[in-house]
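The sequence and structure come first.

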Amino acid sequence: MKVLRIVANIGAPDITPAKRFYQDILGLDVIMDHGWITTFGAARQMSPQLSIASEGGSGTPVPDLSIEVDDLDTAFKAMSAAGFPIEYGPADEPWGVRRFYVRDPFSKLVNILAHKN
(Lines give C-alpha, C1' and ligand atoms only; values in the text may rest on other atoms or scores of the structure.)
Protein backbone atom coordinates (compact mmCIF):
# COMPACT_ATOMS: atom_id res chain seq x y z
CA MET A 1 0.00 0.00 0.00
CA LYS A 2 1.25 3.50 -0.88
CA VAL A 3 -0.13 6.87 0.12
CA LEU A 4 -1.15 8.70 -3.06
CA ARG A 5 -2.31 12.00 -1.64
CA ILE A 6 -2.81 13.87 1.62
CA VAL A 7 -5.66 16.40 1.71
CA ALA A 8 -6.18 19.03 4.39
CA ASN A 9 -9.89 19.56 5.12
CA ILE A 10 -11.12 22.74 6.80
CA GLY A 11 -14.69 22.88 8.06
CA ALA A 12 -16.51 26.18 7.46
CA PRO A 13 -20.16 27.26 7.45
CA ASP A 14 -19.50 29.43 4.36
CA ILE A 15 -16.73 28.42 1.96
CA THR A 16 -16.83 31.54 -0.24
CA PRO A 17 -14.18 33.52 1.75
CA ALA A 18 -11.66 30.79 0.90
CA LYS A 19 -11.43 32.05 -2.69
CA ARG A 20 -9.85 35.36 -1.67
CA PHE A 21 -7.24 33.77 0.59
CA TYR A 22 -6.33 30.54 -1.21
CA GLN A 23 -7.05 31.42 -4.86
CA ASP A 24 -6.72 35.20 -5.25
CA ILE A 25 -3.71 35.72 -2.97
CA LEU A 26 -1.91 32.36 -2.90
CA GLY A 27 -2.68 31.56 -6.53
CA LEU A 28 -4.12 28.07 -6.10
CA ASP A 29 -6.53 26.83 -8.76
CA VAL A 30 -10.03 25.56 -8.05
CA ILE A 31 -9.71 21.92 -9.04
CA MET A 32 -13.11 20.80 -7.74
CA ASP A 33 -16.24 22.70 -6.73
CA HIS A 34 -19.46 20.94 -5.73
CA GLY A 35 -20.94 23.95 -3.92
CA TRP A 36 -20.58 22.34 -0.49
CA ILE A 37 -16.85 21.62 -0.98
CA THR A 38 -14.24 23.51 -2.96
CA THR A 39 -10.79 22.02 -3.44
CA PHE A 40 -7.85 24.28 -4.24
CA GLY A 41 -4.68 22.89 -5.74
CA ALA A 42 -1.95 23.24 -8.32
CA ALA A 43 -1.22 21.39 -11.54
CA ARG A 44 2.37 20.66 -10.54
CA GLN A 45 3.33 17.57 -8.55
CA MET A 46 3.92 18.04 -4.85
CA SER A 47 5.30 15.63 -2.29
CA PRO A 48 2.76 14.66 0.37
CA GLN A 49 3.86 15.47 3.90
CA LEU A 50 2.31 15.18 7.33
CA SER A 51 4.00 16.89 10.27
CA ILE A 52 3.38 16.09 13.94
CA ALA A 53 4.72 18.77 16.28
CA SER A 54 4.74 19.74 19.95
CA GLU A 55 5.36 23.39 19.02
CA GLY A 56 5.67 25.51 15.89
CA GLY A 57 9.35 26.33 16.36
CA SER A 58 10.86 29.49 17.84
CA GLY A 59 8.29 29.28 20.63
CA THR A 60 5.28 29.62 18.30
CA PRO A 61 2.09 27.55 18.35
CA VAL A 62 1.73 24.64 15.96
CA PRO A 63 0.14 25.95 12.74
CA ASP A 64 -2.85 24.19 11.20
CA LEU A 65 -1.33 24.32 7.70
CA SER A 66 2.05 25.09 6.19
CA ILE A 67 2.23 26.46 2.65
CA GLU A 68 5.54 26.90 0.86
CA VAL A 69 5.72 29.77 -1.64
CA ASP A 70 8.38 30.94 -4.06
CA ASP A 71 8.22 34.62 -2.97
CA LEU A 72 7.57 35.14 0.72
CA ASP A 73 7.77 38.92 0.67
CA THR A 74 5.10 39.17 -2.04
CA ALA A 75 2.84 36.77 -0.11
CA PHE A 76 3.36 38.78 3.09
CA LYS A 77 2.52 42.07 1.39
CA ALA A 78 -0.60 40.61 -0.23
CA MET A 79 -1.88 39.07 3.02
CA SER A 80 -1.20 42.29 4.93
CA ALA A 81 -2.86 44.46 2.27
CA ALA A 82 -5.91 42.17 2.27
CA GLY A 83 -6.25 42.61 6.03
CA PHE A 84 -5.60 39.02 7.07
CA PRO A 85 -4.19 38.94 10.63
CA ILE A 86 -0.43 38.38 10.69
CA GLU A 87 0.43 36.60 13.94
CA TYR A 88 4.17 36.05 13.59
CA GLY A 89 7.02 37.25 11.42
CA PRO A 90 8.23 37.46 8.84
CA ALA A 91 11.17 35.76 10.50
CA ASP A 92 14.36 34.07 9.33
CA GLU A 93 14.48 30.78 11.24
CA PRO A 94 17.67 28.92 12.21
CA TRP A 95 16.52 25.78 10.32
CA GLY A 96 16.73 27.57 6.96
CA VAL A 97 13.30 29.01 6.25
CA ARG A 98 11.83 32.51 6.17
CA ARG A 99 8.18 32.49 7.27
CA PHE A 100 5.19 34.23 8.74
CA TYR A 101 1.95 33.09 10.36
CA VAL A 102 -1.40 34.40 9.17
CA ARG A 103 -5.03 33.57 10.04
CA ASP A 104 -7.13 32.40 7.12
CA PRO A 105 -10.84 33.37 6.86
CA PHE A 106 -11.74 30.37 9.05
CA SER A 107 -9.31 31.30 11.87
CA LYS A 108 -6.85 28.56 10.91
CA LEU A 109 -3.24 29.42 11.67
CA VAL A 110 -1.32 29.16 8.39
CA ASN A 111 2.47 29.04 8.23
CA ILE A 112 3.57 30.66 4.95
CA LEU A 113 7.21 29.82 4.27
CA ALA A 114 10.04 29.84 1.77
CA HIS A 115 13.29 27.92 2.01
CA LYS A 116 16.27 30.26 2.07
CA ASN A 117 18.51 28.17 -0.20
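## Salt bridges

Asp-73 is partly exposed at 40% relative accessibility (buried is under 20% relative accessible area, exposed over 50%, partly exposed in between, with a 1.4 Å probe and protein chains only). The model is predicted, so local features need pLDDT of at least 70 and side-chain atom pairs count only at pLDDT 80 or more, while totals for chains, interfaces and linings use all residues. Residues are numbered from 1 along each chain as its sequence is written, and side-chain values use heavy atoms, with hydrogens and water left out.

The whole structure holds 5 salt bridges, a salt bridge being a side-chain nitrogen of Lys or Arg within 4 Å of a carboxyl oxygen of Asp or Glu. Three of them are listed here.

| Pair | N to O distance |
|---|---|
| Arg-98 and Asp-73 | 3.4 Å |
| Glu-87 and Arg-103 | 2.9 Å |
| Glu-93 and Arg-99 | 2.9 Å |

Arg-98 and Asp-73 form a salt bridge that links distant parts of the chain, with Arg-98 in strand S5 and Asp-73 in helix H2, 25 residues apart. Helices (H or I, at least four residues) and strands (E, at least two) are DSSP runs, numbered from the N terminus. Arg-98 is partly exposed, at 25% relative accessibility.

The side chains of Glu-87 and Arg-103 also meet in a salt bridge. Because Glu-87 lies in strand S4 and Arg-103 in strand S5, this pair ties together parts that are 16 residues apart in sequence. Glu-87 has a relative accessible area of 44% and Arg-103 one of 24%.

Glu-93 and Arg-99 pair in a salt bridge, and both residues are buried. Salt bridges with shared partners join Asp-73, Asp-92 and Arg-98 into one network.

The largest nonpolar core has 19 residues, of which Phe-21, Tyr-22, Leu-26, Val-102, Val-110 and Ile-112 touch the most other members. Such a core is a set of buried Ala, Val, Leu, Ile, Met, Phe, Trp, Tyr and Cys residues joined through side-chain atoms within 4.5 Å. Two or more residues each come from helix H1 (17-25), strand S3 (65-68), helix H2 (72-81), strand S5 (97-103) and strand S6 (109-115). Leaving aside residues up to four places away in sequence, Val-102 touches residues including Phe-21, Met-79, Phe-84 and Ile-112, where contact means heavy atoms within 4.5 Å.

Which residues of H2 are buried? Leu-72, Ala-75 and Met-79 are. These residues lie on the same side of H2 because they cover an arc of only 65° around the axis, the arc being that of the directions from the helix axis to the C-beta atoms. Lys-77 and Ala-81, on the other side of H2, are exposed. The cover over the buried residues of H2 includes H1, strand S4 (86-92), S5 and S6.

## Backbone features

The Gly-89 to Pro-90 peptide bond is cis, with omega near 10°, and Pro-90 is found in strand S4. Ser-58 is not a glycine, yet has a positive phi of about 55°. Ser-58 sits in the loop between strand S2 (38-41) and S3 and is partly exposed, with a relative accessible area of 42%. Ser-107, in the loop between S5 and S6, likewise has a positive phi, near 70°.
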